[in-house]
Amino acid sequence: MTDRKSDERSPVRTLGASKDRPRFLQIFDELRRRPSRSRDRALRRMASRATRRLVPERGALQRGDLAEPPPVLDLVLDRDSDRARVRSMLVESCAVGPVWTLPLGDPTAAIEVEEDQEHAENPSRSRPAKRSSLRRSRLLSRWSRPAPDEVVRPAPALPLGEREGPEADVTTDELYELIGSLVDGGFAWTRSVEGRKELVPPRRRRFPPSPRLPRLHSLLWLHRCGLGSNEDDGGRGDPDRRLENDSRSQIEVIGRLREARLEAAIEQRDRALEEASSSTDDGRGRRWRLLYKRALVHWRRTAWSATAVSRWVTRVSEKATFGLLDEKLLTPLSFLVSLIVAATPFAFLGLAAQRLNEVAQRFNDLVSLASGFLLAAVYLLTVFFFFLPWRSYLWLGDYRSTLDEGARKSSDGTGTGRLGRSRVLGVHLFNELHHPDRDTGRLGAGRGEKGTLPPPAHRIAVSALLDDLHRLYGASSLWRGGARDARPVLIYDQRELGPVGRYLVRLIEDERLRRALPDPLLLVQIRDGERPALVSESIESARYGHLPEYDGSAKTSREVRAWLRDRHLAGTLGVSRVLTTKVAPLAREARERRWHTPPAWVPTRSAWATRALGGCAVVVALVLFSQEVVNPLQTKMGFCVGEGVTKPRGIFRVDRSSGGPGAKECVGVTYGEVRFHGRLDGVIELIREQNEEVDKSGEPYVTIAHMADMSASTKEGKEGKEDYALAGVQGELFGMALAQREHNEDSGDRPMIKLLLGNAGEGWAHAETTAEEIVRRARNERSGMDRPIAAVGFGQSLVPNGTAIQKISEAFIPIVGTTATYDDVALSEPWGHSGFYFPIAPSNSRIAEQAAYWARHGASWKDGDSEEGLPAHATAVAIAHNPPPPGGREGTRAVRPTPGREVHGLLRGLRRRAVEGFRGLGRVRAGGRSALPGGA
């Protein structure tokens, strides 16, 4: 993460805003600007639409604005003495961004030499005063990753007349030493940070982290591990010896890598020890660094000591295979045991024969188990000592086309899978790095001639560098942290550049031509007008007739293939690879001024810790706020969130049948997380706790669903009023909670019980929705023991209740009814009465018959010594009463029917059955007058 103000998000804040900024700096800043992720997506979207001939919308972008690789910025100086200052201005413009310079060295040193020469030629001109040096921050000591060996310093510069002579052959050692010194020596601004106040990080800020180049660094290690392998030949090793591409050679390469890393760790520890001993301050950071270096040495020494174990494991793994063990041990032993078992009954009798057979079988099993453990141990050690050390070279499989045909054949024949190919290619590349006949390369003016192609070891080094830079700084890269908002830059002074530097620059452009892949590296060459450009403007498409992935099997004519190749290269690399800009002579004010851009600092570890603690505090505050404020408010407003912030699964927020427009209620099923009514909070909380105990016990259990009306409105619509309509539901829930606790406390071999509560809504208006949720859970096999196996409740004789019983019966779930008395409450067409409904309460017909019998013949009971009862009567009156619907008042005449009304004709049928039963017992007087206006 970068640390910028709102107006400093881009590293080119002065682009277009500073009129006195030189033109070449404006162009340089624009080329090194890294496209944002949104800009990259927009351009890719425009290109995708264009393939379908969809005209993109007009705006500030157009197709082709994303240029990767960027062109080579060619700065042609009108005055040769401005070379060093122009290079220093470019470095200053990068601030603390990724920038390297060639030749290596401090850009300001050359400026002082030029100023001394200019002052000697013109003594009257005053020399600018030097700025006071600032103490270099200790963070800069960690900026550059120290090379495993001492960084090879470039040789002293040749005289001016010999610095750019004829092209010479460049060896692999020279190329790799230059690349290693370039990337391990840190960025160019680290060598000129003294005296620049703008490069002093503010409080709780530090320099951006050094870029990690895993492919290139692993390649440099592979090059370094071959050096110093034999003291008799000067540390170069035997040049005529090539490693055979087998497992032993792969172990040998790993051993050399570990030895080289151990030597580098020892050197780093000694360097840290010298710094700590020579330091005069507290040096807490140095002590921690020294402790880390010592631990690293111990780890490297342990890894190097494991090389002998690796050789032993490799030899054992080659011989200790399952086939060999089966042939030499398991099969003969099994035959011997079978023979003993077959011959034992003839040699021994009774218990002795049985015991001998058991001993033979156990011995066979023991040997098989030991063989299995041996193979597992060998294979496990093989993974740790043979496969894992090569994990940093898995990327070599992507460069198979770069290596020669011999490596591809050996990879296809010896290595199996990606790990096998990486090991084979690693040994082959190790041989290529130290091959005496393929150790040099040249790319001169006539590089189109045959025989001037660079060796594979040179190509793969440049390809690894470009691929690592693209992963960190590419337009399509997902990682944007660490102040990586600008492209990496390589600035080289063409006049001061040596043969190896020129070869590196040309090799970069040659790899871009050969592979035609995007990369973010910006090359900037500084030269005078009399000197030809190191990178030519034209693109030599004939140098490589096809891309590396092409195998030549397509039936395409030569002319068409050449045209397609030119067209693709023009779209990838551009019509011209060079963007030439004239640099006018710098005025004195321009030479003395600092042309820096605002640096992009990175927070320190303490700043990150403070941010993390602040973020945790904010999260805790939000959780507490949601639990203490948001959740009660949502519950009061009827948002059905229960104890959380979001609505639980299985709960639905629906319209209430009463309470006026906009009234809502919560229906559905829950294990106790959601409260439906204040009167039921205590018993629902009790059930929830008991359900949680069932889940925590880990014992098997069954789930039973209970369905009732749990959201009846309060009396007269006022909060706090007692609602007696929920008395029956409350009693049922308390009884079920008590039975659940008693059963779970002493369940024995029987499964425990978990209760699933279902709310059918006020007046059972949403009973069908709740029943469908119960059926859905019962049919979901992924729910496991949470699938309901039975249902209870259904205690009112209402039309929606009958529909719910029908839905659940269709899923073959047994139902136990509690207080519903209507005879046909479980009747459904065309199946008739449900075979899965088992009521507990007597039906209406049974109640009517018994009431008629008591009215005709009377009923008596004893209260102590006295006998009391209902006398017999010759006449009787049957009275039926319908209660008002939900939301209505008693005595209201115009009431709209609602789904919660009693089953149609229920009370009239009950009165009729009572009268008919009484008539069967004698003469009666039937009264059709209802007791209340709403009666039937």
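Visitor: What do the buried residues of α1 pack against?
Guide: They pack against β1 (72-77), α3 (83-93), β6 (489-493), β7 (522-528) and β8 (578-583). Contact here means heavy atoms within 4.5 Å, and buried means under 20% relative accessible area, exposed over 50%, partly exposed in between (1.4 Å probe, protein chains only). Keep in mind that this is a predicted model, where local features need pLDDT of at least 70, side-chain atom pairs count only at pLDDT 80 or more, and totals for chains, interfaces and linings use all residues. Residues are numbered from 1 along each chain as its sequence is written, and side-chain values use heavy atoms, with hydrogens and water left out.

Visitor: How many residues of α1 are buried?
Guide: Eight of the 10 in α1 (residues 23-32), so this helix is largely enclosed by the rest of the structure. The buried ones are F24, L25, Q26, I27, F28, D29, L31 and R32. Helices are DSSP runs (H or I, at least four residues), strands likewise (E, at least two), numbered from the N terminus.

Visitor: Switching topic: at what angle do α5 and α6 pack?
Guide: About 135°, with the axes of α5 (residues 172-184) and α6 (residues 214-224) 11 Å apart. Axes are lines fitted to C-alpha atoms, for helices over the stretch in contact, and angles run from 0 to 180 degrees between N-to-C directions.
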